[in-house]
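This report looks at a ligand site and at helix packing.

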Amino acid sequence: MDVRELQRENIKTLKPYSTARDEFKGQASVYLDANENSFGSPLPADYNRYPDPLQLDLKDAISKIKGVPIENMFLGNGSDEAIDLLFRAFCNPGKDNVIILPPTYGMYEVSANINDIEVRKVNLTADFQLDLEKIAETIDSNTKMIFICSPNNPTGNSLNRSDIETILANFKGLVVIDEAYINFARQKTFIQELTEYANLVVLQTFSKAWGLAALRLGMAFSSTHVIDILNKVKPPYNINQATQDLALAALENIQQVNEWIKITVSERDRLGNALGRMEAVRKVYPSDANFILAQIDNAHDIYNQLVDQGIIVRDRSKVVLCDDCLRITVGTVEENNHLLTAIEQLTTPNA
Ligand SMILES: *Cc1c(COP(=O)(O)O)cnc(C)c1O
């Protein structure tokens, strides 16, 4: 299959914006080609020049960690930008559709709605796995993408690898696997399968395990055809210089990040066990992420009472298949203890 055939006709014929940086590459002593401020910037660091549109230094460093070549990598202003660009490049408004698998990350549907793309929903099974039969029935010739979030938000579980492989091998559109939480998972990433499946797009992010949500930096890994199309459609300078500099510096601290991942995983298990022992907690769903989905009696009330105590979790009690569920991010040891004490007190009569 040639994934280039999936792109919109106007994108196929699009002549992309050519930046000053595109038109002159190399070293020079006098740059008078981009209408920048040649005197400098009113900051200690130099921010007066436009950043590298393709972020090659940063990609080079990410490539070394991920083992994925630069030409298979796209960087976005958060993974949310990559999601939006996939819609804009591959889906014809008012005509094409995508499949999402609720309960899942909310941004796929919002992005589809912004782009006027029909959303077809195939709920996960009761154990939060893929319903392959229903997915197959839902696909038609205008289905351009299927969004698979694994580990899934808000349920926390990983989806069965063999089910995902079935979709990758049989679906004729793009399979977008969102691995925002992969650093906390026992499952291995799909980024090593890029050479196997031309229709595979893997999303990862610096917002979760890497602790850089405020920088807005997301990654998409795919075949060169898909990456080339995303680069053609993206705003020329989508990753600002401060983000490029800071992310590059952060990559030097991978040891610290790995340390936090270890603590988060052990705290996740401790938190899950402690919640599971509570009378009012009906179910603690197994998690491969940095949060736990728990079903609690009167979840919505508990949520409000936690808010009154200054503890904010995510109320998912009205979400499909998540009746009476709260989504709880794993915090520091102290934060988790604080939360456990609060829930225990709120749910124990006469305590
Ligand atoms: C948090 C999250 C993201 C991250 O999005 P960014 O735009 O990179 O911050 C992506 N996908 C899922 C499922 C998430 O939960």
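The model is predicted, so local features need pLDDT of at least 70 and side-chain atom pairs count only at pLDDT 80 or more, while totals for chains, interfaces and linings use all residues. Residues are numbered from 1 along each chain as its sequence is written, and side-chain values use heavy atoms, leaving out hydrogens and water.

**Ligand site**

The ligand is surrounded by 14 residues, the closest being S79, D178, S207, K208 and R216; a residue is near the ligand if one of its heavy atoms lies within 4 Å of it. By class, this shell has 5 nonpolar, 5 polar and 4 charged residues. Ala, Val, Leu, Ile, Met, Phe, Trp, Tyr, Cys and Pro count as nonpolar, Asp, Glu, Lys and Arg as charged, and the others, Gly among them, as polar.

The table gives polar contacts (pairs of N or O atoms within 3.5 Å).

| Residue atom | Ligand atom | Distance |
|---|---|---|
| D80, polar backbone atom | oxygen | 3.2 Å |
| Y181, side-chain N or O atom | oxygen | 2.7 Å |
| T205, polar side-chain atom | oxygen | 2.7 Å |

Of the 390 Å² of accessible area that the ligand has on its own, the protein covers 94% (Shrake-Rupley method, 1.4 Å probe).

**Helix packing**

Helices are DSSP runs (H or I, at least four residues) numbered from the N terminus. The axes of helix 4 (residues 79-90) and helix 5 (residues 107-114) come within 9 Å and cross at roughly 40 degrees. Axes are lines fitted to C-alpha atoms over the stretch in contact, with angles from 0 to 180 degrees between N-to-C directions. Helix 4 and helix 5 are therefore oblique to each other; angles under 35 degrees count as roughly parallel, over 145 as roughly antiparallel, 65 to 115 as roughly perpendicular and the rest as oblique.

Key:
Polar contact = N/O pair within 3.5 Å; in protein donor to acceptor, adjacent residues only side chain to side chain. Helix = DSSP H or I, 4+ residues; strand = E, 2+ residues; numbered from the N terminus.
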